[in-house]
Amino acid sequence: MLLVLCVDLDDDLGRKTGLETPVVGRDAVESAAVSLATADPEDSDVNVLFQGIHEYDELDADPDVEEEVTVAAVTGTQGGDVKANRAIGEEIDRVLAGLSTGENVSAIVITDGAQDESVLPIVRSRVPIDSVRRVVVRQAQDLESIYYTMKQVLADPETRGTILVPLGILLLIYPFVTIASFFDVPGAVVLGIISALLGLYTLFRGLGLEDAVDDTASRIRDVLYEGRVTLITYVAAAALIVVGGFRGYALFETARASVSDPTPPLIALAALVHGAVQWFAAAGVTSSLGQVTDEYLADRFKWRYLNAPFYVVAIAVVLYVVSGFFLPDGIAGVQSFSMTQLAIGLTAGTLLGVFSTLAFAIAESRFPTAAEATQG
């Protein structure tokens with residue numbers, strides 16, 4: 001007897017169709033192949049099953065083949081070759097036990113690749129193997145097929161992360177060399193710029209940044225349509241932070257010109273903080289008030305949210321008096337503080353934070369908002 005044996009090492013047939021294996025008989029194997037093709041048309045095991053049916057039909061119709069022919073499909077399991085090979089062996093034993101014949105049985109093994117052929121020793125230990133057929137699907141060689149193949153590769157996150165990212169890094173090497181040569185060769189500069197653009201695009205696609213950009217644009221569009229106050233307050237806060245950075249740097253330069261060279265690190269840091277902290281505090285208060293307003297409009301407001309601007313002011317007061325304490329008198333734009341004033345400022349900042357916390361905690365207990373009542 002000839003047994004056409006279709007091997008599915010990772011059990012795609014059972015997992016994707018729910019069929020019990022082994023599958024024995026031409027009609028049963030054909031039905032299983034159709035079920036697998038319906039569940040996953042791209043699975044290569046579909047071709048293994050149809051190749052097994054094709055081999056069966058040719059052998060059954062060949063007048064020179066006097067032996068009885070049957071076809072069967074056996075599957076392994078996921079989780080490693082050893083476990084899968086044992087499952088294959090058990091299913092082959094079941095197939096052989098179900099064949100009602102006293103003839104010697106030999107097998108023609110059908111696989112779709114080298115991985116499935118690792119099961120050959122298991123098959124050979126149970127039944128002689130006449131031949132092994134590896135199914136290779138012929139693909140169209142025209143440009144359209146190549147285009148869609150490349151498109152599918154680029155759409156796969158794992159593939160693009162493995163191939164495109166290293167390729168993008170390699171393309172970015174030459175621009176760095178070009179910049180290092182100080183643009184001595186104009187042609188090389190042009191080539192470097194083109195290579196840089198190609199490299200950045202490759203990295204962009206390889207890292208999947210197009211999805212992040214699309215999501216960001218969608219969120220910004222939603223914010224604009226919903227009329228959120230935070231959009232305006234965040235822009236204003238960003239502008240205040242930029243101004244604060246310039247003010248801090250300007251005061252640092254003024255302090256460095258007024259103090260003996262080299263400027264002590266503590267004086268430099270105090271000048272930066274002293275010049276910028278007021279603007280940074282204004283940015284923090286602006287952004288927090290915008291967030292509080294949006295939460296109120298969305299019926300998610302809680303009294304404790306109002307702590308944020310008071311905390312920002314309290315921290316700003318502490319940083320302002322501490323930095324002014326370390327800066328010497330006589331520097332333009334600096335408000336110096338004595339030890340007594342420093343103590344008063346630290347106390348005021350601390351009390352402001354404590355009182356705001358207590359006040360809004362009492363407000364939550366006596367005048368709960370809609371969000372707090374729902375949570376409670």
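This note walks through a predicted model, from the whole chain down to single residues.

1. **Overall make-up.** Start with the whole chain. The protein chain contains 14 helices and five strands. It has 376 residues, and 36% of them count as buried.

2. **Contacts along the chain.** Now look at how far apart in sequence the touching residues lie. Take the contacts between residues at least 6 apart in sequence. Of these, 68% join residues at least 24 apart.

3. **The sheet.** In what order do the five strands of the open sheet run? The order is S2-S3-S1-S4-S5, and the pairing is mixed. Strand S2 (23-24) and strand S5 (129-134) are the edge strands. Each of these two pairs on one side only.

4. **S1 beside S3.** Which sense does the pairing of S1 and S3 have, parallel or antiparallel? It is parallel, and it extends over seven bridges.

5. **The cavity.** How many cavities of 30 Å³ or more does the structure hold? It holds one. The largest cavity has about 50 Å³ of space.

6. **What lines the cavity.** Three elements each supply at least two residues of the lining of the largest cavity: strand S1 (2-8), helix H3 (45-61) and strand S3 (69-75). The lining residues are Cys6, Val7, Asp8, Leu13, Asp45, Leu49, Ala73, Val74 and Thr75. By class, six are nonpolar, one is polar and two are charged.

7. **Leucine 351.** Move on to helix H13 (residues 339-366), where leucine 351 is found. Is leucine 351 buried, exposed or partly exposed? Its relative accessibility is 39%, so leucine 351 counts as partly exposed. The class of partly exposed sits between buried, under 20%, and exposed, over 50%.

8. Compare sequence and space for one pair. Leucine 351 and alanine 314 are 37 residues apart in sequence. In space, their C-alpha atoms are 8.3 Å apart.

Conventions:
Residues are numbered from 1 along each chain as its sequence is written. This is a predicted model: local features need pLDDT of at least 70, side-chain atom pairs count only at pLDDT 80 or more; totals for chains, interfaces and linings use all residues. Side-chain values use heavy atoms; hydrogens and water are left out. On a 1 Å grid over the protein atoms alone, a cavity is a set of points where a 1.4 Å probe fits but cannot get out, and a pocket is an open set with protein on both sides within 12 Å along at least five of seven lines; lining residues have an atom within 4 Å of a point. Grid points are joined across faces, edges and corners, and a volume is the space filled by probe spheres set on the points. Helices (H or I, at least four residues) and strands (E, at least two) are DSSP runs, numbered from the N terminus. Ala, Val, Leu, Ile, Met, Phe, Trp, Tyr, Cys and Pro count as nonpolar, Asp, Glu, Lys and Arg as charged, and the others, Gly among them, as polar. Two strands pair if DSSP finds at least two bridges between them. Buried means under 20% relative accessible area, exposed over 50%, partly exposed in between (1.4 Å probe, protein chains only). Contact means heavy atoms within 4.5 Å.
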